[in-house]
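Please open the model in your viewer and keep the selection panel at hand.

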Amino acid sequence: MAEVVAVNRYALHDAGAFDRATTALAARVRDEGHPGVLSYRFYRQAEGRAVVRYRDPAAWVGHHELVMGWPEMAALRAAADLEEVLLFGTASDDMRAWIDRM
């Protein structure tokens, strides 16, 4: 298995909105998300964090293709700016292409 772990750091505009958005997003990912998402957790203190485990690079791409159009993701982007992404594991060519399109 070529597991990928992403650690995201967010600068918060509105901590309450971040909490609401991430709670809704995590619930939808649990219920309707990509089957390759192994865990999906958000944390908040002075800044927001997410730690997401994917089965493999294809799951990372599939998850992002699925959730980017969801209103829950739009709510997250309105509540916080993504400041940093740390990826652990092997980044595939498809992952790199998706990041370049971002």
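Begin by selecting Asn8 together with Gly48, Arg49, Ala50, Leu82, Glu84 and Val85, with which Asn8 is in contact once its neighbours within four places in sequence are left aside; contact here means heavy atoms within 4.5 Å. This is a predicted model, in which local features need pLDDT of at least 70 and side-chain atom pairs count only at pLDDT 80 or more, whereas totals for chains, interfaces and linings use all residues. Residues are numbered from 1 along each chain as its sequence is written, and side-chain values use heavy atoms, with hydrogens and water left out.

Stay on Asn8, which sits in strand β1, strands (E, at least two residues) and helices (H or I, at least four) being DSSP runs numbered from the N terminus. Asn8 counts as buried because its relative accessibility is 12%, the class being under 20% relative accessible area, with exposed over 50% and partly exposed in between, for a 1.4 Å probe and protein chains only.

Next, select Trp60 and display Val4, Ala6, Tyr54, Leu87, Met95, Trp98 and Ile99, which Trp60 touches when residues up to four places away in sequence are not counted. Widen the view to the largest nonpolar core, where Trp60 is among the residues that touch the most other members, along with Leu25, Tyr40, Phe42, Tyr54 and Leu76, out of 25 residues. A nonpolar core is a set of buried Ala, Val, Leu, Ile, Met, Phe, Trp, Tyr and Cys residues joined through side-chain atoms within 4.5 Å. Colouring by element shows that β1 (4–12), α1 (15–32), β2 (37–44), β3 (48–54), α2 (57–67), α3 (71–79) and α4 (93–101) each supply at least two residues of this core, and that α1 gives the most, with 5 residues.

Finally, move to His34, in the loop between α1 and β2, and find its side chain reaching the backbone nitrogen of Gly36 at 2.8 Å. Around His34, show Arg55, Ala58, Ala59, Gly62, His63 and Leu66, all touched by His34 when residues up to four places away in sequence are not counted.

Key. Polar contact = N/O pair within 3.5 Å; in protein donor to acceptor, adjacent residues only side chain to side chain.
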